[in-house]
Amino acid sequence: MRWAVEDLIGVWSLIAYVDLDEEGGSHEGPLGPDPRGLLIYGDHGHMSVSMMRGDHATAPASATVFMGYAGTWRPVDGVVKHDVTVSAHPFQVGTELTREAELDGDRLVLHGVAIIDGRPRRRRLTWQRVPAPASAQRPAGMSSAQPRY
């Protein structure tokens with residue numbers, strides 16, 4: 001489904017993170033079988049993503065336990081560009097990450113490519129929109145203006 005910028009703004013909860021092979025088959029991603037995470041797309045162009053293993057307490061010592069970065073985001077021709085300002089992985093700082101985006105109702109699928117052991121690896125992250133709590137109120141002084149891109 002085609003999406004508009006306004007469709008992505010908000011908070012998303014990670015429900016799946018898998019690696020894809022050349023034939024399109026999926027395999028457990030770097031955060032194990034039960035990844036957890038939050039992705040936030042702000043209405044003024046800022047973004048943040050934090051992800052961790054759901055089994056972090058029992059994961060092998062060599063396992064990746066946490067991944068995350070923050071910066072700005074913008075749509076470009078049907079993809080989302082993330083400009084990384086801070087990251088758990090220093091090599092990402094100052095880079096631009098491209099994410100193919102598919103939106104189906106309250107489900108967002110982002111595809112990206114990571115270089116692992118010198119080879120590109122395609123990854124698919126599936127997110128579920130997090131509804132605003134009923135008690136949520138915009139803090140005093142926070143603008144409700146339309147996004148500026």
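Q: Which residues is Thr-126 in contact with, leaving aside its neighbours within four places in sequence?
A: In this predicted model, Thr-126 is in contact (heavy atoms within 4.5 Å) with Ser-13, Leu-14, Ile-15, Ala-16, Arg-107, Leu-108 and Val-109. Local features need pLDDT of at least 70, side-chain atom pairs count only at pLDDT 80 or more, and totals for chains, interfaces and linings use all residues. Residues are numbered from 1 along each chain as its sequence is written, and side-chain values use heavy atoms, with hydrogens and water left out.

Q: Why is Thr-126 called buried?
A: Buried means under 20% relative accessible area, exposed over 50%, and partly exposed in between, with a 1.4 Å probe and protein chains only. Thr-126 has 12% relative accessibility and therefore counts as buried.

Q: Why does Val-130 count as partly exposed?
A: Its relative accessibility is 33%, so Val-130 counts as partly exposed. Val-130 lies in the segment after β9, whereas Thr-126 lies in strand β9.

Q: What makes β4 and β5 a pair?
A: Two strands pair if DSSP finds at least two bridges between them; strands are DSSP runs of E, at least two residues, numbered from the N terminus. Strands β4 (residues 46–53) and β5 (residues 66–76) are joined by 7 bridges and run antiparallel. Met-51 stands opposite Met-67 in β5.

Q: How do you know that β5 and β6 pair?
A: The antiparallel pairing of β5 with β6 (residues 79–87) extends over 8 bridges, and the definition asks for at least two. In β6, Val-86 is the bridge partner of Ala-70.

Notes
Helices (H or I, at least four residues) and strands (E, at least two) are DSSP runs, numbered from the N terminus.
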